[in-house]
Amino acid sequence: MCGIAGYIGERDAFRVVFEMLGRLEYRGYDSAGVACINKNAIHITKDKGKVAEVEKEAAYADSKVAIAHTRWATHGVPSRKNAHPHKDCKGKIAVVHNGIIENFEGLRARLVKRGHKFLSETDTEVIPHLIEEEYKDGGGTEAAFVSAIKKLGGSFAVAMLSDKENNIFIARHESPLIVGIGNGENFVASDIPALLPLTKKVIVLDDGEYGIVGKQKVVIKKINSGRVVNKKPKTINWSMAQAEKGGFEHFMIKEIHEEPQAVKNAIAERTDIEKIAKKLAKFPRIYFVACGTASYAGRLGRGVLEHFGVPSNAEIGSEFRYGTSKTIDKNCAVILVSQSGETADTIAAAKEAKKNGAYVVGVVNVLGSTLTGICDDVIDIGAGPEIAVASTKAYVGQITSLTLLGLFIAKEKGKLDVVDLNKLISKLGGVPEKISHVIGDKEKIKRLAEKYRNVKEFFYIGRGLNYPNALEGALKLKEISYVHAEAYPAGELKHGPLALLEKGVVVFALVPNDHLAKKMESNVQEAKSRNAEIAVVSEGGDIKVPWVDPLLSPLLYVVPLHLFAYYLSVSKGLDPDKPRNLAKSVTVE
Ligand code: M6R
């Protein structure tokens, strides 16, 4: 949800921030802009469009300090006037912002009364005007910046330039912001990929902190007290190669090819997972909470526990925070699943659960993200940077971690003996090779996608542990191909949706070789009898998947669904990495 970049040092700041923005585009890509200081004046260049398009048209300005933004519209349509940076009346202050200023209407009305002129429909524009107003007190830039920030309600990551300063001012509350530490130069970014070729050392700003980023020095302070916070930089272990396409046409297909490695990386965290499982097993009530694809991983986590007779619940973040969280107490453990660790609804759910005394565990891909700072314990899925908006390898990493977690909890609870546990873990070790085998069949899936290119309606059906995969397959199709797709537990079709099945509708049926296979086959027959076209994913089906222990089947059965969604999107001439209206990190409610 919007990407922020900033640079101060000896390099060409204009170029550096545009390059950083390019690596943050997965956070939003409807407009982009840069503000830099040249000859003591602020120059802004911005427009509607993707970063590369805006950069092509941008008026170059020679500068050593700049801030930049790639936008995912909340308030105001994508347009030049709504693109960031925004400035004050005199053009002496420029601000970029990620988040939502919830009290912007009141602030704006008061500022208008004082004669401020607004040029956009955004909530963000109140910030430079507020700072301009606070400057009138004569306390200097830092004082004006902090007083303005204190008046903001809602969520924000903010970076500001003032023509009076050779520093970047930053602040955060509930939206991510990090500082990259260089040699005689420093960087500001929403997320790690922006920094990868520039520095490996980062300082993560926490909620309620602001910073003054200079060429040689970075000072972080508390917004409320002004107290200096001494923060040691952390070292990032992601590589630049992980954040590049590496010869693939899109990030999404590259990331699908990384699914075997995602399973290996998740297994590598087994010692931590086992330790956390021991703690979790003590709680009578276990909840999985997440959004989107991660919520399907949460459902899978619940499925694994239920398989062993351990009760648990799976909920969507935006519902949990206002509903179930009221029933959470110290007898509960809440497991938050999130690739980015920045999803607003998941973070809010974690905070509510913690406030109510629960043991809170994060299953996260981005270490150092906001969620990792809230949770009591964190499981790192270790999938590496995921750039495509559609989550693929992170889902596979999440379901691997949650399967392992479920196995260890079942063992702790005496529902799974050590011999069987070890057998399952050893079978899990064989899954990456089987996934590679499925990926090896991608040409067949590509042909299927071309065949179904004009189909308007898809259904995905599965049972038990593969119902979350049905949800995942349908979401992926909607997300990147803009085709309507529905997922149902196969047994539910006959309770209504069957009325929609007719010639021209395609049904994907996930039929692993488990105790429900016969029931699935009957459901497939029911769909066939209504003239729907069926694509069976099974050991001997239209899309073939190697044999795997049924408990581990979700890890394999999702792979063809990811490939199909990718190829359908490509066959329609769409960009699967940047679907319309979406952004990778959903940092607003
Ligand atoms: O970063 P998170 O895992 O918390 O993100 C949650 C969802 O926004 C995310 O999974 C979304 O549904 C994906 N774009 C789906 O591919």
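Glu174 sits in the loop that joins strand E8 (168-173) to strand E9 (178-181), strands being DSSP runs of at least two residues and helices (H or I) runs of at least four, numbered from the N terminus. The phi angle of Glu174 is near 65 degrees, a positive value in a residue other than glycine.

Pro85 belongs to the loop between strand E4 (65-71) and strand E5 (86-87), and the peptide bond leading from His84 to Pro85 is cis, with omega near 0 degrees.

## Basis of the description

This is a predicted model, in which local features need pLDDT of at least 70 and side-chain atom pairs count only at pLDDT 80 or more, while totals for chains, interfaces and linings use all residues. Residues are numbered from 1 along each chain as its sequence is written, and side-chain values use heavy atoms, with hydrogens and water left out.

## The ligand

Among the 15 residues around the ligand, Ser338, Gln339, Ser340, Thr343 and Glu479 come nearest, where being around the ligand requires a heavy atom within 4 Å of it.

Polar contacts are pairs of N or O atoms within 3.5 Å; within protein, one must be able to donate a hydrogen and the other to accept it, and residues adjacent in sequence count only if both atoms are side-chain atoms. An N or O atom in the side chain of Ser338 is 2.6 Å from an oxygen atom of the ligand, and a polar side-chain atom of Lys476 lies 2.8 Å from a ligand oxygen atom. Ser391 instead uses a backbone N or O atom, 2.9 Å from an oxygen atom of the ligand.
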